[in-house]
Amino acid sequence: MVELLERIGVVVASEPMETDQLDGLSRWGSDGRPYVLLASDKQSFSRRQFDAAHELAHLVLHRAVTEEEFVENFKAIEDQAHRFASAFLLPASQFSVEIDTAAIWELERLKARWKVSIKAQIMRLQRLQILDKSSATRLYKIYSAKGYSRREPFDDVWPMQEPTLLADVFKALVDAGQVTKEDLREDLPLFPHDVESLTGLPSGWLSLQAARIVELKPVVTPRDNLGGVRGEVVPIKRSGD
């Protein structure tokens, strides 16, 4: 999803948000370009999948919604974004026909295929009316008993999706000589470490200076210039000799 967002022109950045209440932000900029900021903490591959799809929903569905309207209708707007993300990642025409028993083991298998969390799959199945409320509740209890509330299968295997577009742009500009790192530090309205964190640049990239290569020339003193001083070889004696 992160790669898809960047491919369709969304500027994506990532930053620790240090709160359980916020997983991402999105808005259309004054330049007419869409921007998304994703939380980089408390994350997994599948959670970031859903968060990115959720923010795409806001960009597509709620562009014309004012700040006042957003506050007044927050719950409904968030529900719409959840439904969009769920349908986008798990389309009914395909996902539903792959469900046989809707057992936890089956959802584990489908997670490997669809790259969507087991919890999100249960929610989707309930909205598609494949699961009724009691069946969904039973699955949630099994889900918690297996410890999946803390970490689901594959979460410690799949690497986190990171935005790369901004970092690639900065590197390309510097490598091509069109701008220097010093220019970037002057022009960008953020501290270098904040820029590196947001864009995924290596830590210290904006601060590191290119190493200077110093050529050292050997200095050879001719024997004739030693002022007639002659060296003396002193033999090394072993102890006890």
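This is a short walk through the model, one selection at a time.

**Before you click**

You're looking at a predicted model, where local features need pLDDT of at least 70, side-chain atom pairs count only at pLDDT 80 or more, and totals for chains, interfaces and linings use all residues. Residues are numbered from 1 along each chain as its sequence is written, and side-chain values use heavy atoms, with hydrogens and water left out.

**The whole protein**

Start with everything shown as cartoon. There are 11 helices and three strands; helices (H or I, at least four residues) and strands (E, at least two) are DSSP runs, numbered from the N terminus. Reading from the N terminus on, the order is α-β-β-β-α-α-α-α-α-α-α-α-α-α. Of the 241 residues, 34% count as buried, meaning under 20% relative accessible area with a 1.4 Å probe, protein chains only. Among contacts (heavy atoms within 4.5 Å) between residues at least 6 apart in sequence, 60% join residues at least 24 apart.

Select 11–15, 24–28 and 34–39, which are strands 1, 2 and 3. Two strands pair if DSSP finds at least two bridges between them. Strand 1 and strand 3 run parallel, joined by five bridges, and Glu15 stands opposite Ala39 in strand 3. Four of the five residues of strand 1 are buried.

Now go to the other pairing. Strand 2 and strand 3 run antiparallel, also with five bridges, and Ser26 has Val36 as its bridge partner in strand 3. Zoom in on the hairpin these two strands make: five residues lie between the strands, and Gly32 takes a positive phi near 80 degrees.

**The largest pocket**

Next, select Asp23, Gly24, Asp51, His54 and Glu55. Among the 47 residues lining the largest pocket, these lie nearest its centre. The pocket holds about 1500 Å³ of space. For the record, a pocket here is an open set of points on a 1 Å grid over the protein atoms alone, where a 1.4 Å probe fits, with protein on both sides within 12 Å along at least five of seven lines; lining residues have an atom within 4 Å of a point. Grid points are joined across faces, edges and corners, and the volume is the space filled by probe spheres set on the points.

Colour the lining by element. Those giving two or more residues are strands 1, 2 and 3, plus helix 2 (45–61), helix 3 (67–72), helix 4 (74–89), helix 7 (118–127) and helix 8 (133–145). Helix 2 gives the largest share, eight residues. Colour by class instead and you get 18 nonpolar, 14 polar and 15 charged. Here Ala, Val, Leu, Ile, Met, Phe, Trp, Tyr, Cys and Pro count as nonpolar, Asp, Glu, Lys and Arg as charged, and the others, Gly among them, as polar.

**The second largest pocket**

Move on to Ala13, Leu37, Leu166, Phe170, Leu188, Pro189, Leu190, Val195, Leu198 and Thr199, which line the second largest pocket. About 200 Å³ of space lies in this one. Helix 9 (165–175) and helix 11 (192–199) are the elements that give two or more residues to the lining, and helix 11 gives the most, with three. By class, the lining has nine nonpolar, one polar and no charged residues.

Select helix 4. Its 16 residues reach 22 Å from first C-alpha to last, close to the 22 Å expected, where the expected span is 1.5 Å times one less than the number of residues. Show side chains for Ile77, Glu78, Ala81, Ala85, Ser86 and Leu89, the buried residues of helix 4. What covers them includes helix 2, helix 3, helix 6 (104–114) and helix 7.

Then take helix 6, where Ile104, Glu106, Leu107, Glu108, Leu110, Lys111 and Trp114 are buried. Their cover includes helix 2, helix 4, helix 5 (92–95), helix 7 and helix 8. Just after helix 6, Lys115 takes a positive phi of about 60 degrees.

**Last stop: Ile99**

Centre on Ile99, in the loop between helix 5 and helix 6. Is Ile99 buried or exposed? Ile99 is buried, with a relative accessible area of 13%. Leaving aside neighbours within four places in sequence, its contacts are Glu106, Leu107, Leu110, Leu125 and Ile130. Draw a distance to Leu125: 26 residues away in sequence, and 9.0 Å in space, C-alpha to C-alpha.

Definitions and conventions
Buried < 20%, exposed > 50% of the residue type's maximum accessible area, 1.4 Å probe, protein only.
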